[in-house]
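Open the model in a viewer and keep the selection tool at hand. The stops below are meant to be followed in order.

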Amino acid sequence: MLQLYTHAVCLQHDPGPGHAESPARLRAVLKALDQDRFAVIDRVEAPRATREQLLRVHTADHVDRILSITPADETVRLDEDTLMSPASAQAGLRAAGALVAAVDAVMKGSANRAFCAVRPPGHHATSDTAMGFCLFNNVAVAAAHALAAHGLKRVAIADFDVHHGNGTQDIFEREPRVLFLSSHQSPLYPGTGRAEEKGVGNIINAPLSAGDGSYEFRELWDGVLLPRLHAFKPQLLLISAGFDAHRNDPLADIRLQTEDYAWITERLVDVARTHADGRVVSTLEGGYDLTALAASASAHVAALLED
């Protein structure tokens with residue numbers, strides 16, 4: 001069974017007119033997943049993450065700062081790219097909470113896979129800094145929960161967003177129980193993700209160059225990332241599913257097709273079937289062309305559904 005986690009407050013987080021990370025992104029994804037072929041998905045309202053869950057990866061000062069910002073009727077700018085509106089703190093709690101609940105579901109057997117259609121995204125948030133549209137690092141909160149609450153020894157995070165998940169790497173670069181694998185355009189924001197960045201052997205970065213497309217992407221995953229993932233034998237696979245490497249996305253210069261997202265998802269599900277009893281939790285990260293985002297997310301979820 002596939003579960004879909006989301007919450008209405010994730011649509012109320014509004015960085016303001018013209019901002020790339022707009023509520024329209026999530027509306028596009030949810031509309032695409034409202035097709036008849038997705039009717040079998042079990043839809044679940046995302047709970048709030050608890051303070052304890054957030055503190056596994058974030059400092060107390062960071063959590064307190066984000067939760068204290070509840071502007072009455074305007075936005076508060078945290079940095080050049082990252083803004084908060086009246087509902088943003090609650091959206092952040094629901095986004096992180098969705099992944100925690102999804103991990104619990106797949107570990108307890110009430111689902112074998114889950115997709116979290118939430119925002120704000122998370123993979124740029126470090127332990128103590130909100131950045132790159134991200135407030136809390138949702139996928140990191142999920143991985144830490146899997147370790148602490150379920151006693152797992154090997155949790156993998158696969159990140160195919162076009163921007164490097166610097167926050168996820170920063171949080172886990174000294175944690176050998178978590179393997180972080182990333183394909184991303186380089187150079188590009190946030191300027192991290194070199195192949196030489198290896199953590200304690202648990203960080204695998206595979207940079208792509210501007211103009212690269214399906215062939216280079218598949219070669220990197222088939223030749224570099226997927227073999228390392230199989231060798232790690234994860235007990236749970238988490239996915240930072242960013243769809244901004246699509247050829248039509250305005251924020252980068254990688255030229256993937258919609259079909260590439262089905263392809264990589266199928267490969268990742270195969271890893272989970274082999275090593276993790278099929279357990280996969282995926283979460284929405286980037287993707288800023290609404291048409292491409294909707295099509296790519298649909299392809300991703302359809303591949304998660306396949307048995």
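Is Lys233 buried, partly exposed or exposed? Lys233 counts as partly exposed, because its relative accessibility is 47%. Bear in mind throughout that this is a predicted model.

**Stop 1: Lys233 and its backbone**

Select Lys233 in the loop between α7 and β9 (236–241). Its phi is near 55 degrees, a positive value in a residue other than glycine.

**Stop 2: α7 against α8**

On the α7 side, select Ser214, Phe217, Arg218, Trp221, Asp222, Leu226, Leu229 and His230. The α8 side of the contact consists of Glu259, Asp260, Trp263, Ile264, Arg267, Leu268, Asp270, Val271, Thr274 and His275. Coloured by class, the contact shows 8 nonpolar, 4 polar and 6 charged residues.

**Stop 3: α4 against α5**

Now select helix α4 (residues 88–108) together with helix α5 (residues 138–150). How far apart are the axes of α4 and α5, and at what angle do the helices pack? The axes lie 9 Å apart, and the angle is about 40 degrees. The two helices are therefore oblique to each other. Their crossing is right-handed.

To see the contact, show Gly92, Ala95, Ala96, Leu99, Val100, Val103, Asp104, Met107 and Lys108 in α4. Facing them in α5 are Asn138, Val139, Val141, Ala142, His145, Ala146 and His150. By class, this contact has 10 nonpolar, 4 polar and 2 charged residues.

**Stop 4: Gly97 in α4**

Stay on α4 and select Gly97. With 2% relative accessibility, Gly97 counts as buried. Beyond the residues up to four places away in sequence, Gly97 touches Pro47, Arg48 and Ala49. For a distance check, draw a line from the C-alpha of Gly97 to that of Ala130: the two residues are 33 apart in sequence and 17 Å apart in space.

**Stop 5: Thr283 in β10**

Move to strand β10 (residues 280–284) and pick Thr283. Thr283 counts as buried, because its relative accessibility is 0%. Which residues surround it, leaving out those up to four places away in sequence? Thr283 touches Leu99, Phe115, Cys116, Val118, Val139, Ile239, Ser240 and Ala241. Two of these names come from the previous helix pair: Leu99 belongs to the α4 side of that contact and Val139 to the α5 side. Next, draw a line from Thr283 to Pro121: these residues are 162 apart in sequence, with their C-alpha atoms 8.3 Å apart.

**Stop 6: the loop between β5 and α5**

Select Pro120, which lies in the loop between β5 and α5. The peptide bond that joins Arg119 and Pro120 is cis, with omega about 5 degrees.

Further along, Thr126 is found in the loop between β5 (113–116) and α5. Thr126 counts as buried at 11% relative accessibility. Leaving aside neighbours within four places in sequence, Thr126 is in contact with His58, Met131, Asn166, Gly167, Asp170 and Ile171.

Phe133 also lies in the loop between β5 and α5. Phi of Phe133 is near 75 degrees, a positive value in a residue other than glycine. Phe133 is buried, with a relative accessible area of 15%.

**Stop 7: Thr82 beside that loop**

Select Thr82, in the loop between β3 (76–77) and β4 (83–84). Where does a polar atom of the Thr82 side chain find a backbone nitrogen? The nitrogen belongs to Gly132 and lies 3.1 Å from that side-chain atom. Not counting residues up to four places away in sequence, Thr82 touches Val76, Arg77, Ala130, Met131, Gly132, Phe133, Cys134 and Leu135. At 1% relative accessibility, Thr82 counts as buried.

**Stop 8**

Finish at Pro190, in the loop between β7 (178–185) and β8 (203–208). A cis peptide bond links Tyr189 to Pro190, and omega is about 5 degrees.

Terms used. Residues are numbered from 1 along each chain as its sequence is written. This is a predicted model: local features need pLDDT of at least 70, side-chain atom pairs count only at pLDDT 80 or more; totals for chains, interfaces and linings use all residues. Side-chain values use heavy atoms; hydrogens and water are left out. Helices (H or I, at least four residues) and strands (E, at least two) are DSSP runs, numbered from the N terminus. Buried means under 20% relative accessible area, exposed over 50%, partly exposed in between (1.4 Å probe, protein chains only). A polar contact is a pair of N or O atoms within 3.5 Å; within protein, one must be able to donate a hydrogen and the other to accept it, and residues adjacent in sequence count only if both atoms are side-chain atoms. Contact means heavy atoms within 4.5 Å. Axes are lines fitted to C-alpha atoms, for helices over the stretch in contact, and angles run from 0 to 180 degrees between N-to-C directions. Angles under 35 degrees count as roughly parallel, over 145 as roughly antiparallel, 65 to 115 as roughly perpendicular and the rest as oblique. A crossing is left-handed if the near helix is turned anticlockwise from the far one by less than a right angle, and right-handed if clockwise. Ala, Val, Leu, Ile, Met, Phe, Trp, Tyr, Cys and Pro count as nonpolar, Asp, Glu, Lys and Arg as charged, and the others, Gly among them, as polar.
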